[in-house]
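This report describes one protein chain for a reader who is new to structural description. Please keep the sequence and the three-dimensional view at hand while reading.

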Amino acid sequence: MKEKIKQFVADKRGVSPVIGVVLMVAVVVILAAVIGAFVLGLGGDQSQAPQASFSVDNGDIIYEGGDPLDGGDIEVTGAGNGGGSGGELSAGDTVGSVSGDGTVRVVYTGDGGSTTIWQTQVSGGGGTN
């Protein structure tokens, strides 16, 4: 019995080389999957709302510039009303008007969703705070 214990203790062979190989294969497979997902475009759609600038002048909401926008994709909400008509907006186009005091929001409704792309506080007949 003592000899079997001595032989067991003296046997320095282990499974660490096998575990090392298995871990290295797992790391390579995970890296290949991640790189493949990016290359094949499986990361999902990363679309962003357009960036645009607006101003309030004499109660009118004016498109100042930014990314190209279709007027049909614009709504004015809150203390404003209106929205752009169809066609691409140009700098200086009126997209709505102020209808009271409070927060005026310009909402982009393209790409199947709605996102606020600009907002301001108005009071006293359409001036900005």
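## An exposed loop residue

At 75% relative accessibility, N58 counts as exposed; the term exposed applies over 50% relative accessible area, buried applies under 20%, and partly exposed covers what lies in between, with a 1.4 Å probe and protein chains only. N58 is found in the loop between β1 (52–57) and β2 (60–66). Although N58 is not a glycine, it has a positive phi of about 55 degrees.

The model is a predicted one, in which local features need pLDDT of at least 70 and side-chain atom pairs count only at pLDDT 80 or more, whereas totals for chains, interfaces and linings use all residues. Residues are numbered from 1 along each chain as its sequence is written, and side-chain values use heavy atoms, with hydrogens and water left out.

## The chain as a whole

The chain has two helices and eight strands. Here helices (H or I, at least four residues) and strands (E, at least two) are DSSP runs, numbered from the N terminus. The order of the elements from the N terminus on is α-α-β-β-β-β-β-β-β-β.

Of the 129 residues of the chain, 25% count as buried. The chain exposes about 8,900 Å², and carbon and sulfur atoms supply 56% of this area; accessible areas come from the Shrake-Rupley method with a 1.4 Å probe, and for residues only the protein chains shown count as cover. A contact means heavy atoms within 4.5 Å. Among the contacts in the chain with a separation of 6 or more, 43% are between residues 24 or more positions apart.

## An open sheet of four strands

Four strands form an open sheet in the order β1-β2-β5-β4, and the pairing is antiparallel. Two strands pair if DSSP finds at least two bridges between them. The edge strands of this sheet are β1 and β4, each of which pairs on one side only.

Within the sheet, β2 and β5 are joined in the antiparallel sense by three bridges; I62 has T94 in β5 as its bridge partner. Strand β4 (residues 80–81) runs antiparallel to β5, and two bridges join them. G80 is the bridge partner of V98 in β5, while N81 stands opposite S97 in β5.

The loop between β4 and β5 contains G87. With a relative accessible area of 35%, G87 is partly exposed. Its C-alpha atom is 6.9 Å from that of G72, a residue 15 positions away in sequence. Leaving aside neighbours within four places in sequence, G87 is in contact with L69, D70 and G71.

T103 lies in strand β6 (residues 102–108). T103 is buried, with a relative accessible area of 18%. The T103 side chain makes a polar contact of 2.4 Å with the side chain of Q121. A polar contact is a pair of N or O atoms within 3.5 Å; within protein, one must be able to donate a hydrogen and the other to accept it, and residues adjacent in sequence count only if both atoms are side-chain atoms. Not counting residues up to four places away in sequence, T103 touches T77, G78, A79, Q119, T120 and Q121.

## The nonpolar core and its aromatic rings

The largest nonpolar core has 18 residues, and those with the most contacts inside it are F54, I61, L69, V104 and I117. Strands β1, β2, β3 (74–78), β5 (94–98), β6 and β7 (115–123) each supply at least two residues of this core. A nonpolar core is a set of buried Ala, Val, Leu, Ile, Met, Phe, Trp, Tyr and Cys residues joined through side-chain atoms within 4.5 Å.

How many aromatic pairs does the structure hold? There are two aromatic pairs. The rings of F54 and W118 have their centres 5.8 Å apart and their planes at 50 degrees, so this pair is tilted. Because F54 lies in strand β1 and W118 in strand β7, the pair ties together parts that are 64 residues apart in sequence. Rings of Phe, Tyr and Trp (its six-membered ring) pair if their centres lie within 6.5 Å; planes under 30 degrees apart count as stacked, over 60 as edge-to-face and the rest as tilted. Both F54 and W118 are buried. Together with Y63, F54 and W118 form one aromatic cluster.
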